[in-house]
Amino acid sequence: MRKLSILLITVLSVFAVLVIVSPDLLAKQSEKPGFKYINAKDLELMRELKPYTLVINTMSMLEYQDHRIPGSICIPCDVFDKKASKILKKDLNRPVVFYCESEWCPKARHAAKRALALGCTNVYVLKGGIHAWKVAGFTTESINRIPRVGIHSVKPKILKSWIDKGLDMVIIDIRSTDPCSAYVSKNDRIKGSISIPMEELDKRYNEIPKGKPIIIVDEIGYRSFLAACFLRLKGYKDVKRLFGGMAAWHAFIEGR
Amino acid sequence: MKSRSRLSNAGILTILGLFITCFFPFTAYPQETSGVKCEESSCLQCHADHVFTKDFPNSVHAANGCTSCHTGIDLNNIYAHMSGETKPKLVSCGKCHKEIWEKYKKDYHYLYQDFRCYDCHRNIHQIKKQNGNFKIAVITQCTQCHTNDEYVKSGHGKAVLEGNKDAPTCTDCHGLHNVKVYHTSEFKHPEEARHFYDRTCMRCHSNEEMMKRHGLTAKTVEFYLDTYHGQVADLGYPSLVAGCVDCHTSHNILPPNDPHSSVNPANLVKTCGKCHPKYNIRMISYQSHPDVNDHTRFPILYWSHKFMGLLLLGTFLFFWVHTLLWWRKTYWEKHEKEKIGIVPKRLIKGSEGLQPIRRFTWKEIILHIALILSFFTVVLTGFPLKFHDMEWAKVLIRFWGGAHRAGIYHRIAGIVMWIEFLYVAIRSLRFLFPKGQTKGWLKRLFGPDSLFPNLKDLQDLRDMFKWFFNKGEEPKFDRWSYWEKFDFLAVFWGMSVIGITGLVLMKPEWSSYILPGWAFDVALDMHGEEAILAALFIFTVHFFNTHLIPKKFPMDRVIFTGRYTLEELKELRPKEYERLLAEGKIEEIKSKHPSILSKLLAAAFGLTSLLLGIFLAGLIIWSIIVHM
C-alpha cells in the first residue's frame with residue numbers, strides 16, 4: 001500500500017509541476033546591463049527635478065537635426081569615443097540619458113555601456129527611444145528639418161527581380177559599420193550595394209552618381225525614408241527605399 | 001478758426017491713416033474682408049506667390065489667416081522675422097483638429113518618420129471642400145510612397161477605382177490617422193499583425209448585407225473560425241496559424257480562379273508551403289472554410305458530421321434516460337429502507353461483510369489515475385479550441401500560457417492516452433491468449449471475467465428496465481456489468497475515432513502522404529464531435545453509474561484503493577460472489593483494510609476529479625446551448 005501511495009504522490013506531483021511551472025519561470029534571468037532604463041514620463045520628471053540631466057541622441061547628426069527631444073545633444077555612436085569623454089568626464093555623477101530611434105535600435109545601449117566604462121555613475125537609456133517619447137505625448141523640436149517628399153518603397157521581391165535583371169541602379173546601404181549599431185558584416189549586404197552610413201551621408205552623398213536610380217537600404221525600414229528625403233533635397237531625382245529594410249530582405253531571401 | 005479746424009481735420013486723418021497702415025495689419029483680432037484676413041495683406045507683401053495670393057483666399061482655411069497657424073512670429077517686431085532672426089514655430093494643426101491629432105499622435109508615420117500633417121496634406125494652402133471620390137483620393141495620396149501595384153490590381157483595388165463604395169481603400173484597413181506599425185510588419189509583430197488583419201477582413205466579410213450585395217457569403221468567417229486555424233486565431237495567437245492574409249495575402253487579393261491569386265490551385269502549393277514544409281501535394285484539397293451543411297460540395301464532411309451528430313444524440317438519449325430511471329429507482333428504494341430503518345449490513349460492527357477484498361490490482365489503479373490525468377489534460381486543452389468564442393475558453397487558454405503551449409500539452413496527453421490504450425489492448429490480448437494459447441479464446445471472450453458483452457448483458461439490460469419500472473427484481477450482476485463493459489468498449493471506439501483523427505491532425509504534413517487535404521476537415525470535425533461525446537459521457541453517465549448513484553454517493557473509492565468489502569461484493573455483484581464461493585476463490589482476494597493515507601488520497605483526488613468533471617460538463621453543455 002505504501003508503494004502505491006508513493007507512486008500516487010509522485011504521479012500527482014509530476015502532473016502538478018508540469019501544469020504550474022511554466023517555462024517562463026525557468027527562463028534564464030537576463031544579465032544585468034549596469035545602466036538603468038527610464039521611460040519617457042520619468043525622464044521628463046527627472047529633467048524637472050535635476051535640470052542638469054544630460055540627454056544624448058545617439059543617432060546621426062542628420063536625424064538629430066531633423067527632430068530631437070528638446071534640449072538634447074547629439075553624439076553619434078560611431079564617434080562616441082572621440083567626442084563623449086570630453087563632455088562626460090566633466091562630471092561623472094551627472095545623470096546621462098541616451099536615446100535612439102526606437103526599441104529596435106541598439107545604439108543607445110551601446111553608448112550607455114561605453115559611458116559606464118568611462119566612469120559615469122548615473123547612466124540611463126530611454127526605453128523605446130524617441131518613438132516612446134512621442135507615444136508619451138511629448139513634443140520634439142527641429143533644427144534643420146528635412147522636407148518630407150513622396151519616396152517610393154520597393155518590396156524585396158521587386159528589388160530582387162531588378163537585381164536579377166541587371167538593372168543599372170545604385171543601392172546605398174546606410175547601416176552603420178560601427179559595432180555600436182548592430183555591426184554589419186560584409187556578407188550581410190545586398191550584392192553590389194555601397195555602404196554610406198547615415199552618420200556620414202551628409203558629408204559623403206557626393207560620392208553617389210547622379211542620373212541613376214538609387215535604392216536606400218537600412219536595418220528595418222525606419223531610417224531609409226529620411227535618408228531618401230535628404231538625397232532628394234540634394235537634387236537626386238530617382239530615389240527609392242527598400243521596404244522593411246534588410247530584415248524584410250532576409251525574410252524574403254530565406255523564404256519566410 | 002476755419003483753417004485751424006482744417007488743420008486739425010488733416011491731423012486726425014493723418015493719425016487715422018498712420019493707424020490704419022501701421023497698426024491695423026498687426027491687430028490681434030483682425031476683421032474679415034472677403035474671406036481673407038486683413039493681416040494677410042502685410043504677410044502677402046513678401047509671400048506673394050500665387051498659392052498665397054490667389055489659392056489660399058479661396059481655400060477652406062482662408063478665414064484662419066496666416067498667423068493662427070504660423071505662430072512664433074512677433075508681429076511687433078516683424079523685422080526680426082524678415083531678417084531670419086526669429087523663425088516661426090512648427091505648425092500645429094492639432095490646435096483646431098484636436099480629435100485627429102490625438103489619433104495621429106500614435107500613428108506610425110508620426111512616431112517613426114515624424115510626418116507632420118502638411119507632409120501628406122502638401123496642398124494645405126489650396127485645400128477645398130472635396131466632392132470627388134474619397135477612396136480614390138486616398139489611393140492617390142498613399143501610393144506616392146507605397147507603390148502597391150498588387151493592391152491596385154487586386155479585386156479590392158479594381159473595385160475602388162471603378163467607384164465601388166464598399167470595397168476597401170488603403171485607409172479602410174490601415175486606418176486614416178491611426179496607422180499602426182504592425183500593419184505592415186508581420187515579421188516584426190506576427191501576433192498583432194495577424195489579429196489586425198483578421199479583424200479588418202472580418203469586419204466587412206461578416207457583414208451580411210454587404211456580402212449579399214457582391215454575391216458573397218458572410219458565413220465564410222464563421223466557417224473559417226470553426227477550423228483549426230480559425231479556432232486558434234480566435235483564441236489569440238501566439239501559435240502561428242493561418243489568418244486571412246496568410247493565404248489570401250494582404251494586397252494581392254484575387255478570386256481563386258484568377259491565375260495570379262495566391263489561392264488559385266496552381267499557387268496553393270506555395271501558399272500552404274509557407275507554414276507547412278515538406279508536405280504532399282494532395283494536402284491542397286484541404287478546405288480552409290468548409291460549410292459542413294453543404295452536401296454537394298463537401299459530401300464526406302457532411303455525412304460524417306451527420307453521423308457523429310446522430311451518434312451523440314442516440315448515445316445520450318439512451319444513457320441519460322437510463323441514468324434518470326436508475327436514479328429514481330434507487331433513490332425511492334433508499335427512501336423506503338430509511339423509512340423502516342433498514343441499515344446496510346456493512347455498517348453493522350463485527351459482521352463478516354466488513355472483510356476487505358481486492359477488486360483492482362495496483363497496475364489497474366495506476367492506469368486509471370493516468371487516464372484521469374491525461375483525459376483532463378486533453379479536455380482542458382482541447383475544449384477551449386472547440387468553443388473558442390466562449391469567454392471561459394479564453395481564460396483557460398491564458399491559464400495554459402497560450403494556444404501554443406496548450407497545444408503541446410494536448411499532444412503530450414494524447415500520446416499518453418495512446419500508450420494507455422495500447423497497454424490495455426495488449427492486456428486484452430493476453431487475457432484472450434494467455435501465453436500464446438489460442439484454445440478456448442471464445443469461451444474466455446464471452447466468459448464472466450471478460451469485458452466483452454454477452455447474452456447475459458442483454459438479459460441484464462432488459463431486467464434492469466423492468467426493475468426501473470417495478471416490474472421485476474434487480475438483475476444479478478457478475479464481475480462486470482453491462483454499463484461497465486460499455487464504458488470499456490466505448491474507449492476502444494473513442495480511441496479509434498479521436499485517437500486516429502488526433503494523430504492525423506498532429507502532423508498534417510506527414511499525414512498528407514497518406515490522406516488528402518479534405519480528410520483533415522473531416523478529421524477535425526470528428527475529433528471535436530467525439531470529444532464532446534467522450535467528455536460528456538464520462539462526466540455525466542460514467543460519473544453517475546460509478547460514483548453518484550445513491551448507493552455510492554458521493555464517490556466509490558474502489559478504483560483508487562483497489563478494495564471494497566465482501567458485503568459490497570455480495571450486494572453489487574452477487575453472481576460473482578456466488579461464482580467465487582463455488583470456485584473457492586474468496587480467500588484469494590481477501591485483503592487488508594486500506595490505510596488512512598490511501599483513503600485520504602483517494603477521497604481528495606477522486607472528489608476533485610468528480611467536481612472538476614461536473615463543472616466541465618456544465619461548461620460544455622452551456623456552450624452547446626449557446627451555439628444552438
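**View 1. M628(B) sits in the segment after α31 (596–627) of chain B.** The model shown here is predicted, so local features need pLDDT of at least 70 and side-chain atom pairs count only at pLDDT 80 or more, while totals for chains, interfaces and linings use all residues. Helices are DSSP runs of H or I with at least four residues, strands are E runs of at least two, and both are numbered from the N terminus. M628(B) is exposed, with a relative accessible area of 81%; exposed means over 50%, buried under 20%, and partly exposed in between (1.4 Å probe, protein chains only).

**View 2. W320(B), I621(B), I625(B) and M628(B) form a nonpolar surface patch.** Together these residues have about 450 Å² of accessible area, computed by the Shrake-Rupley method with a 1.4 Å probe, with only the protein chains shown as cover for residues. A patch of this kind joins nonpolar side chains (Val, Leu, Ile, Met, Phe, Trp, Tyr) within 5 Å, from residues with over 30% relative accessible area and no salt bridge. A salt bridge puts a side-chain nitrogen of Lys or Arg within 4 Å of a carboxyl oxygen of Asp or Glu.

**View 3. D291(B) lies in the loop between α17 (265–273) and α18 (299–340) of chain B.** Have a look at its surroundings. D291(B) is buried but has no salt bridge, and K219(B), the nearest side chain of opposite charge, is 6.6 Å away. Here Lys and Arg count as positive, Asp and Glu as negative, and His and the chain ends are not counted. A polar atom of the D291(B) side chain lies 3.0 Å from the backbone nitrogen of N293(B). Side-chain values use heavy atoms, without hydrogens or water.

Terms used. Residues numbered from 1 in each chain as written. Chains lettered and ligands numbered in written order. Polar contact = N/O pair within 3.5 Å; in protein donor to acceptor, adjacent residues only side chain to side chain. Patch = residues over 30% accessible without salt bridge, like charges linked within 9 Å, V, L, I, M, F, W, Y side chains within 5 Å.
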